[in-house]
Amino acid sequence: DDQIERERVSQHLAGGCCALAAIYLMGKFYVANAGDSRAIIIRNGEIIPMSREFTPETERQRLQFLAFLKPELLGKEFTHLEFPRRIQPKELGKKMLYRDQNMNGWAYKKIEEDDLKFPLIYGEGKKARVMATIGVTRGLGDHDLKVFSSNIHIKPFLSCFPEVRVYDLTQYEHCPDDVLVLGTDGLWDVTNDKEVAGVVMEVLTSYEPNDPCRYTMVAQELVVRSRGMLKERGWRLANDKLGSGDDISVFVIPLGGPGNYT
């Protein structure tokens, strides 16, 4: 992240990206995630999460705490408090549910002038945004990203530090059907863990255990199914729901070789 900042002018690096890395060292997989990509292990049909997405919703308290400590980052245009909906001027003096950086649940407070400011985090699910600008809260770059039509920088709220999870391969016997799946949010926006595991099992069983292309074919099938087919009403999945409109990258990494197959 520091290197991107140093080179952003010379290398024309104006944007940013998420990062998901898997490293194998001395019998263990280390999976590091900074962003909204996802990794899962599928072992004997069981799904083992190896990451979690970092979004305005999942990191609400961290973002609110930073805004509470450094209110100048909000540029006098945003409030770090969260409300169930936008507050209207006519509601001044009335009581409304809210929560701050220390709260998991909700409480009531009397609405004041500052509460009319735009919330630091607004929207739900994939539509949630930090300062109405960005929907992911960890990653690399975006040093020059600002709130639209303002001089407020978003970068202080974006963390480049990943969460790391460790999986010890020596603790289990793995067969060729046990895999680690890494995918960008374009995959997971339209497909859940169980559906991905189903595709993995379906494709793998159609190839011999020692066929090296079987894992590539799984990755390809996951991409194709998430994109869908181009129809009159756009890209559609098999269930006629909208296909993924985001980039889709998938890696399928075997955890056991043919010699482990039983």
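**View 1. The lining of the largest pocket, by residue class.** Nine nonpolar, eight polar and 10 charged residues make up the lining of the largest pocket in this predicted model, where Ala, Val, Leu, Ile, Met, Phe, Trp, Tyr, Cys and Pro count as nonpolar, Asp, Glu, Lys and Arg as charged, and the others, Gly among them, as polar. A pocket here is an open set of points on a 1 Å grid over the protein atoms alone, where a 1.4 Å probe fits and protein lies on both sides within 12 Å along at least five of seven lines, and lining residues have an atom within 4 Å of a point. The volume of the largest pocket is about 580 Å³, a volume being the space filled by probe spheres set on the points, which are joined across faces, edges and corners. Of the 27 lining residues, Cys 18, Asp 36, Ser 37, Thr 184 and Asp 185 are the closest to the centre of this pocket.

The model is predicted, so local features need pLDDT of at least 70 and side-chain atom pairs count only at pLDDT 80 or more, while totals for chains, interfaces and linings use all residues. Residues are numbered from 1 along each chain as its sequence is written, and side-chain values use heavy atoms, with hydrogens and water left out.

**View 2. The two domains.** The protein is divided into domain 1 (17–52 + 162–254) and domain 2 (59–141), with bounds that come from an automatic or database domain assignment. Their C-alpha centres lie 34 Å apart, and 10 residues of domain 1 are in contact (heavy atoms within 4.5 Å) with five residues of domain 2. Each domain gives at least three residues to the lining of the largest pocket.

**View 3. Gln 64 in helix α2.** Gln 64 lies in helix α2, residues 60–69, where helices (H or I, at least four residues) and strands (E, at least two) are DSSP runs numbered from the N terminus. Gln 64 counts as buried because its relative accessible area is 1%, buried meaning under 20% and exposed over 50%, with a 1.4 Å probe and protein chains only. A polar atom of the Gln 64 side chain lies 3.4 Å from the backbone oxygen of Arg 99.

View 4. Met 131, in the loop between β11 (129–130) and β12 (140–141), has a phi near 50 degrees and is buried, with a relative accessible area of 0%. Ser 149, in the loop between β12 and β13 (163–168), has a phi near 55 degrees and counts as exposed at 66% relative accessibility.

Methods
Polar contact = N/O pair within 3.5 Å; in protein donor to acceptor, adjacent residues only side chain to side chain.
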